[in-house]
Amino acid sequence: ATVLLAALAAVEGREALRLQGRGRELLMLGTLGFAGFNLLAYTGLAHARPESAALIVALGPLLTALVLWRRTGIRPAASTFLLLGIALAGVFLVLSKGHPGTVVSGSVGWGDGLVLAGTFSFVLYGIGAADNSDLSPLRYTALTAALGWPAIAAATAIAIGSGVIAAPRGHELWTIAPQLAYLALPGAVVAVLAWNAAIDLIGVQNVTLFGNLIPVTTFAIQIVRGYRPGWVEAGGALLTIAALVSNSVRTRAAPVEMRAVDVEASAEAA
């Protein structure tokens, strides 16, 4: 947040740091996008397999379509719901490894639910960026980050005070300093700013489609690290990816329609 605010003041001037009556809205969006997504997703990842978590995150494009339908009243095409069902079937295969009974016995846990909640939080944050398109991507990112971090600090303080987690010591922070730097700079400043800038250029629905690459890269990284998925699990992953890619192709075949949805969503918010 500090880096983003400093960049905003340097690029657009100190006047850009003013909220201009949008404090409540940006506070809510910042809490969703930074506190909601990070706290829910990272806590969920500690209790879920990275492969299943990546597939859940990759449902973001279809979640976005459903949220836009709820907000604009424009019903997505029947193919969207079909592809959503196929994608969910693929997720089920990955989680259960082809054995439905394992879903009940622990393949699906509260960690996966937290990842899904975090994904939904970031979907709402992205739609908020489209609604506030009169703000530059840098300004939207900086202001929401600045307003979102207090919720993370408060949650951490409550967790430490209640004994759920232990406060890290100085040498522990130093040990993971490279990881923290990666999360803060490429993972937050660069990634979120680039994401919001892309929303400004091609619309929220098209941007979320790039989430399709998440399961591909996650499986590739895990395979390099020695993980060997079974045929059913790999087939489920491919099924989900195929559904999401098909949705991408369908969406890009009708760009005018998708732009209209984004415009109407922004108009209703205004």
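Aromatic pairs first. This is a predicted model, and the count comes to six aromatic pairs. Take one of them, Phe122 with Trp195. The ring centres sit 5.9 Å apart and the planes meet at 55 degrees, so this pair is tilted. The cut-offs explain the label: stacked needs under 30 degrees, edge-to-face needs over 60, and the rest count as tilted.

Where do Phe122 and Trp195 sit in the chain? Phe122 belongs to helix H7, residues 110–131. Trp195 belongs to helix H10, residues 177–202. They are 73 residues apart, and the pair links distant parts of the chain.

Now accessibility for these two. Phe122 has a relative accessible area of 16%, so Phe122 is buried, the limit being under 20%. Trp195 comes out at 24%, and that makes Trp195 partly exposed.

Which residues do the ring pairs link into a cluster? Phe34, Phe37, Phe122, Tyr125, Tyr140 and Trp195. Keep Tyr125 and Tyr140 in mind for the next part.

On to helix packing. H7 packs with helix H8, residues 137–161. The axes are 10 Å apart, at an angle of about 135 degrees. The crossing of H7 past H8 is right-handed.

Who makes the contact? From H7, Tyr125, Gly128 and Ala129. From H8, Tyr140, Thr141 and Thr144. Sorted by class, that contact has three nonpolar residues, three polar residues and no charged ones. Tyr125 and Tyr140 are in this contact, and both are in the aromatic cluster.

One backbone point. Gln20 is not a glycine, yet Gln20 has a positive phi, about 55 degrees. Gln20 is in the loop between helix H1, 2–12, and helix H2, 23–45. Is Gln20 buried or exposed? The relative accessible area of Gln20 is 52%, and exposed means over 50%, so Gln20 is exposed.

Last, the whole chain. How many helices and strands are there? The protein chain has 14 helices and zero strands. Read along the sequence, the pattern is α-α-α-α-α-α-α-α-α-α-α-α-α-α. Of the 270 residues in the protein chain, 38% are buried. Then contact range. Take contacts between residues at least 6 apart in sequence: 84% of them join residues at least 24 apart. The Phe122 and Trp195 pair, at 73 residues apart, is where we started.

Terms used:
Residues are numbered from 1 along each chain as its sequence is written. This is a predicted model: local features need pLDDT of at least 70, side-chain atom pairs count only at pLDDT 80 or more; totals for chains, interfaces and linings use all residues. Side-chain values use heavy atoms; hydrogens and water are left out. Rings of Phe, Tyr and Trp (its six-membered ring) pair if their centres lie within 6.5 Å; planes under 30 degrees apart count as stacked, over 60 as edge-to-face and the rest as tilted. Helices (H or I, at least four residues) and strands (E, at least two) are DSSP runs, numbered from the N terminus. Buried means under 20% relative accessible area, exposed over 50%, partly exposed in between (1.4 Å probe, protein chains only). Axes are lines fitted to C-alpha atoms, for helices over the stretch in contact, and angles run from 0 to 180 degrees between N-to-C directions. A crossing is left-handed if the near helix is turned anticlockwise from the far one by less than a right angle, and right-handed if clockwise. Contact means heavy atoms within 4.5 Å. Ala, Val, Leu, Ile, Met, Phe, Trp, Tyr, Cys and Pro count as nonpolar, Asp, Glu, Lys and Arg as charged, and the others, Gly among them, as polar.
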